[in-house]
Amino acid sequence: MSSISAKASHGSQHTHEKPLYSSNKSIQPKVQHRKGLLGTLARHQIDAPLVAILTILGTYALFPNSFAKKFLFFQEYDPVTNTYEKSWEDMYFCLFWVTAFTFLRAAVMTYILMPMAARLGATTDRSILRFAEQGWICIYYSCFWVLGMYCIQLTPTWNNWFVWFHTDQFFDSYPLTALPVITKYYYWLQFSFWIQQMFVLCIEAPRKDFLAMISHHLVTVLLIICSFLLDVTTFGTAVFVSMDLADIVLSLGKCLKYIGMPDSICDPVFACFMFIWIYTRHFLYGHIIYAWTVYAGDFYSKTTHYTIIGLLLVLQSLMFFWLWSIFRIVYKMFASKGGVVDDRSEDEEETITAPEHVHHNTKQRR
């Protein structure tokens, strides 16, 4: 559910900056770490999580019935219905996967996506790092949007591929205290990912709309928590799939821009993204808001009912804020007769905030 981010064409304006990965030689980029605990975490996004992951996996391998089992599997399983009841012990699973996503993101970016960016034509440190960030987002959302669509189609809420949801069926199986196995894992993995995204937002160099982004992340996490507490995870799954699709196309378009693809390729991708954004984040998401507004009042108190409406509308307001940014980009594109340029980038003089393992790899390639 991320919004418009770094200016994709920014890297091409700094031809003097050498890339992290070069066929000839590479230099270490200027890196500004945050201070304190966040700075320490930023420098150790691979090694520290890996130690924790291996410790838990090793403990479980040696002692299958030990406490480590709670970090890897849900506990309240009903073999008769093939479902999991909700439990406070599910938080152990969440904690493990926040750690795992931190490791996976940093490792995939460092050892796969950054070298790929250099080979595909990214020319600066910034464009390589941004390609890796957006490549990870594209990979994650592609996998989980498909999984989410499968989960939503297991419920009576699914309608068809034009209007995805039956708005009058969201409460058909209320309360959803037990979830099918695949839905349970999908939902908690998404929750873990969004907790980890807040961590990423804190350690990355801030962008122009940092306040909007942190508000978006906080509202998203609050809605996920409320969906657990109120037993309406079908609503949460619907919100996930209606938000995630646009992020796939957006991150793909940015990756193409960072590696220097021509406007004849990037602009159609952006046009596709704009259509998907309006369709999923306003039309389909509007159906979700309507469903909660009309039907939830029969199941909850007025305070709960209107609190969730407020959170949903805050999220929609943020979507309109970014839609305005999209329209500004389109206007500038036609006014200047140039390609798509995102104006929500970091400052021109910003130094790159990167984990310690990026520097280590850079030194090895000198």
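This is a predicted model: local features need pLDDT of at least 70, side-chain atom pairs count only at pLDDT 80 or more; totals for chains, interfaces and linings use all residues.
**Entry 1: the loop with N82**

I placed N82 in the loop between β1 and β2. Next I checked its backbone. Phi of N82 is near 55°, which is a positive value in a residue other than glycine. T81 sits in the loop between β1 (77–78) and β2 (83–85). I noted T81 as partly exposed, since its relative accessible area is 45%. I then looked at T81 and V181. They are 100 residues apart in sequence, yet 9.8 Å apart in space, C-alpha to C-alpha.

**Entry 2: another positive phi**

I turned to D231. Its phi is near 60°, again a positive value in a residue other than glycine. D231 lies in the loop between α7 (210–229) and α8. Why do I write D231 down as buried? Its relative accessibility is 12%, and buried means under 20%.

**Entry 3: the whole chain**

I listed eleven helices and three strands. Along the sequence I read the order as α-α-α-β-β-α-α-β-α-α-α-α-α-α. The protein has 366 residues, and 55% of them count as buried. I also looked up the accessible surface of the protein. It comes to about 16800 Å², and 66% of that belongs to carbon and sulfur atoms. Residues 24 or more positions apart account for 80% of them.

**Entry 4: the annotated stretches**

I consulted the UniProt record, which is an unreviewed entry. Residues 46–63 are 89% helix and 0% strand, and the end C-alpha atoms are 25 Å apart. Residues 135–155 are 86% helix and 0% strand, with the end C-alpha atoms 31 Å apart.

**Entry 5: α4 against α6**

How do helix α4 (residues 90–120) and helix α6 (residues 181–203) pack? I found an angle of about 55°, with the axes 8 Å apart. That angle makes α4 oblique to α6. α4 passes α6 in a right-handed crossing. I noted the residues that make the contact. On α4 they include W97, F101 and R105. On α6 they include Y185, W188 and F199.

**Entry 6: α5 against α8**

α5 passes α8 in a left-handed crossing.

**Entry 7: K69**

Last, I looked up K69. It belongs to helix α3 (residues 69–72). K69 is partly exposed, because its relative accessible area is 31%. Which residues does K69 touch, not counting those up to four places away in sequence? I wrote down Y60, P64 and Q75. I also checked K69 against T59, ten residues apart along the chain. Their C-alpha atoms are separated by 8.7 Å.

Definitions and conventions. Residues are numbered from 1 along each chain as its sequence is written. Side-chain values use heavy atoms; hydrogens and water are left out. Helices (H or I, at least four residues) and strands (E, at least two) are DSSP runs, numbered from the N terminus. Buried means under 20% relative accessible area, exposed over 50%, partly exposed in between (1.4 Å probe, protein chains only). Contact means heavy atoms within 4.5 Å. Accessible areas come from the Shrake-Rupley method with a 1.4 Å probe; for residues, only the protein chains shown count as cover. UniProt positions are given in the numbering used here, feature names are shortened, and annotations may be inferred rather than shown by experiment. Axes are lines fitted to C-alpha atoms, for helices over the stretch in contact, and angles run from 0 to 180 degrees between N-to-C directions. Angles under 35 degrees count as roughly parallel, over 145 as roughly antiparallel, 65 to 115 as roughly perpendicular and the rest as oblique. A crossing is left-handed if the near helix is turned anticlockwise from the far one by less than a right angle, and right-handed if clockwise.
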